[in-house]
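Trainee: I am new to this structure and would like to go through some of the terms used for it. Please show it to me.

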Amino acid sequence: MDKLREASAAFKTKAERSSDYALRAAALSRCGGDDDKVFDGLSLVRDTLLRLADGERQAGNGRAMNNAKPLVTLAVDIGGTGLKMLCLDQEGKPLTERLRVPTPEPPTPPRLLAALDKLRAQMPAFDRVSVGYPGVIKRGVVRTAANLHPRWIGFPLQAALEKRWKKPVRVANDAAVQGFGAIQGRGVEMIITLGTGMGSALFTDGRLCPGLELGHHPWLKKTYEDYLGRRGLKKYGVKKWNKLLRKAVAQTAATFNWDHLYLGGGNTKLVTLQFRPNVTIVSNLEGLLGGVALWRDEESQ
Ligand code: BGC
């Protein structure tokens, strides 16, 4: 009993001095003794204090969130035919018009970056940058450049833009960024983009499985991109291209068993096919709207 009294007195002093409920509760939990009643009483006080501490913490988080300045993301889409840019708010809603200029010829890194600089100069202030690049990206470095210039291979795109624009930059495959802007985050969702090249990205419950390059996978007598990208469209014409697209959609359904397929990219305006409700065409704007998703992990930290 003496031990308990001593502990209670020590706690009282500590608790009186402290405005921190969690600290008070921690002190209380060290006040166990032989007297059950006193102990139960102390446990009750401890639990109450812990609840209060939790309430304060949550209120504190709420205050922090309300006071935090909303971040503006500059979203960039590098395409084989056009370069696009716009600013997004923290929820991924557009804050500006989408600007577009043709991709310079030849699309070497210096020429393309200079064109991006010009677009950026027309944008308001931003805090961070998301870039969709038309090829494989590993840790911010370009690995493939099927529809750009070979000098892109090995180019540290993320670091180069950070140096140029003095803002944090994240770079991902263009179809993956477009997918982030379109998906619901449930089940197996796939996006196929129809533009200069054929892009593809696969998501399970909203998580990207990075690195899918279906466009370069053998299909029929060539690759998917040979038939459905810009070259295929030119070679086969709109009608046959649509027939090939129908076949490709059926093939991907059988291969990936997606719950939902999204078709994006500039050439979706030429699609004349009717699909089931789990195949939808998404607007080209989605290519940029997914930009904030590249920063989601940071916001949840
Ligand atoms: C590239 C993909 C890209 C797609 C659309 C393909 O040639 O390999 O990475 O997503 O074009 O730009």
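Trainee: Which residues of helix H5 are buried?

Mentor: This is a predicted model. In helix H5, residues 157–165, the buried ones are Leu 157, Gln 158 and Leu 161.

Trainee: What puts them on the same side of H5?

Mentor: Their arc around the axis is only 95 degrees, so they lie on the same side of H5.

Trainee: What covers the buried residues of H5?

Mentor: The cover includes strands S4 (128–133), S6 (141–142) and S7 (169–173). Just after H5 comes Lys 166, with a positive phi of about 55 degrees.

Trainee: Why is Gly 80 counted as partly exposed?

Mentor: Gly 80 has 18 C-beta neighbours inside 10 Å. A buried residue needs 20 or more, and an exposed one has 12 or fewer. The value falls in between, so Gly 80 counts as partly exposed.

Trainee: Where does Gly 80 lie, and which residues does Gly 80 touch?

Mentor: Gly 80 is in the loop between strand S1 (73–78) and strand S2 (82–88). Leaving out residues up to four places away in sequence, its contacts include Thr 103, Pro 134 and Thr 196. Gly 80 and Thr 196 are 116 residues apart in sequence, yet 5.7 Å apart in space, C-alpha to C-alpha.

Trainee: How many residues surround the ligand, and which are the closest?

Mentor: The ligand is surrounded by 18 residues, the closest being Pro 134, Ala 146, Ala 175, Gly 197 and Gly 199. Helix H6 (174–182) and strand S9 (198–204) are the elements that each give two or more residues to this shell. By type, the shell holds 5 nonpolar, 10 polar and 3 charged residues.

Terms used. Residues are numbered from 1 along each chain as its sequence is written. This is a predicted model: local features need pLDDT of at least 70, side-chain atom pairs count only at pLDDT 80 or more; totals for chains, interfaces and linings use all residues. A residue is near a molecule or strand if its C-beta atom, placed from the backbone, lies within 6 Å of it. Helices (H or I, at least four residues) and strands (E, at least two) are DSSP runs, numbered from the N terminus. Ala, Val, Leu, Ile, Met, Phe, Trp, Tyr, Cys and Pro count as nonpolar, Asp, Glu, Lys and Arg as charged, and the others, Gly among them, as polar. Two residues are in contact if their C-beta atoms, placed from the backbone, lie within 7 Å. The arc is that of the directions from the helix axis to the C-beta atoms.
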